Amino acid sequence: MSVVVVEGLHKRYGDNHAVRGLSLTIDEGEVFAIVGPNGAGKTSTVEILEGHRTRTSGRVEVLGFDPQTGGRAYRERIGIVLQEAGMDERFTVRELVSLYAGFYPAPRAVDEVIELVGLTAKADERTKTLSGGQRRRVDLALGLIGDPELLYLDEPTTGFDPSARRQAWEVVAGLCDIGKTVVLTTHYTTWRRPTASPTGSR
């Protein structure tokens with residue numbers, strides 16, 4: 001089943017043609033990576049898929065919606081993890097995830113999500129005490145708490161050392177095992193799913 005269908009997508013900013021005739025299909029349960037250097041059009045493409053930016057031309061369908069007009073019904077079915085989301089450092093991990101859970105009609109269990117991203121031991125720690133990699137895991141928890149069918153990840157391992165990056169990719173790969181579809185942007189061209197099992201990842 002196709003979750004994302006893009007046909008002939010174009011995005012212009014004045015004379016700058018950021019996205020030129022992009023077409024792609026992403027199936028349910030895939031990890032789909034949009035890879036390229038800064039300025040390659042990755043962020044523009046993902047923001048159009050998210051519904052945060054209008055397209056110049058082309059067809060875009062995500063979960064059966066046109067993201068430009070899908071509104072709340074569409075947003076409730078997706079999760080977004082920005083490269084630099086920011087968070088209130090006064091909250092503990094559990095308090096922050098619980099707060100975000102209240103924004104959704106059918107959220108996942110708070111402790112289940114905290115365990116999924118590997119932060120159970122830090123659940124009652126204030127976010128200001130966490131390392132950079134741990135804070136990124138909090139970002140991921142906030143993107144997952146609404147139980148989205150489709151998760152967007154923008155440069156999920158920026159600033160990570162090799163060990164932390166490997167752990168983060170393991171979390172991403174695990175999302176497919178629980179039925180999620182993941183669209184991520186990255187400039188790392190050597191990403192591979194860190195298991196030997198068959199996958200729909202590209």
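Tutor: Contact here means heavy atoms within 4.5 Å. The model is predicted, so local features need pLDDT of at least 70 and side-chain atom pairs count only at pLDDT 80 or more, while totals for chains, interfaces and linings use all residues. Residues are numbered from 1 along each chain as its sequence is written, and side-chain values use heavy atoms, leaving out hydrogens and water.

Student: Which residues of H5 do Val-93, Leu-96, Val-97 and Tyr-100 in H3 meet?

Tutor: Happy to look at that pair. Helices are DSSP runs (H or I, at least four residues), numbered from the N terminus. The residues of the H3 contact with H5 divide into seven nonpolar, no polar and no charged; nonpolar covers Ala, Val, Leu, Ile, Met, Phe, Trp, Tyr, Cys and Pro. On the H5 side, the partners are Val-138, Ala-141 and Leu-142.

Student: At what angle do H3 and H5 pack?

Tutor: H3 spans residues 93-101 and H5 residues 132-144, with axes 9 Å apart. Axes are lines fitted to C-alpha atoms over the stretch in contact, and angles run from 0 to 180 degrees between N-to-C directions. The two are therefore roughly parallel (angles under 35 degrees), at about 25°.

Student: How many of the nine residues of H1 are buried?

Tutor: Helix H1 covers residues 42-50. Its buried residues include Lys-42, Val-46 and Glu-50. H1 is largely enclosed by the rest of the structure, because the buried count is seven.

Terms used. Angles under 35 degrees count as roughly parallel, over 145 as roughly antiparallel, 65 to 115 as roughly perpendicular and the rest as oblique. Buried means under 20% relative accessible area, exposed over 50%, partly exposed in between (1.4 Å probe, protein chains only).
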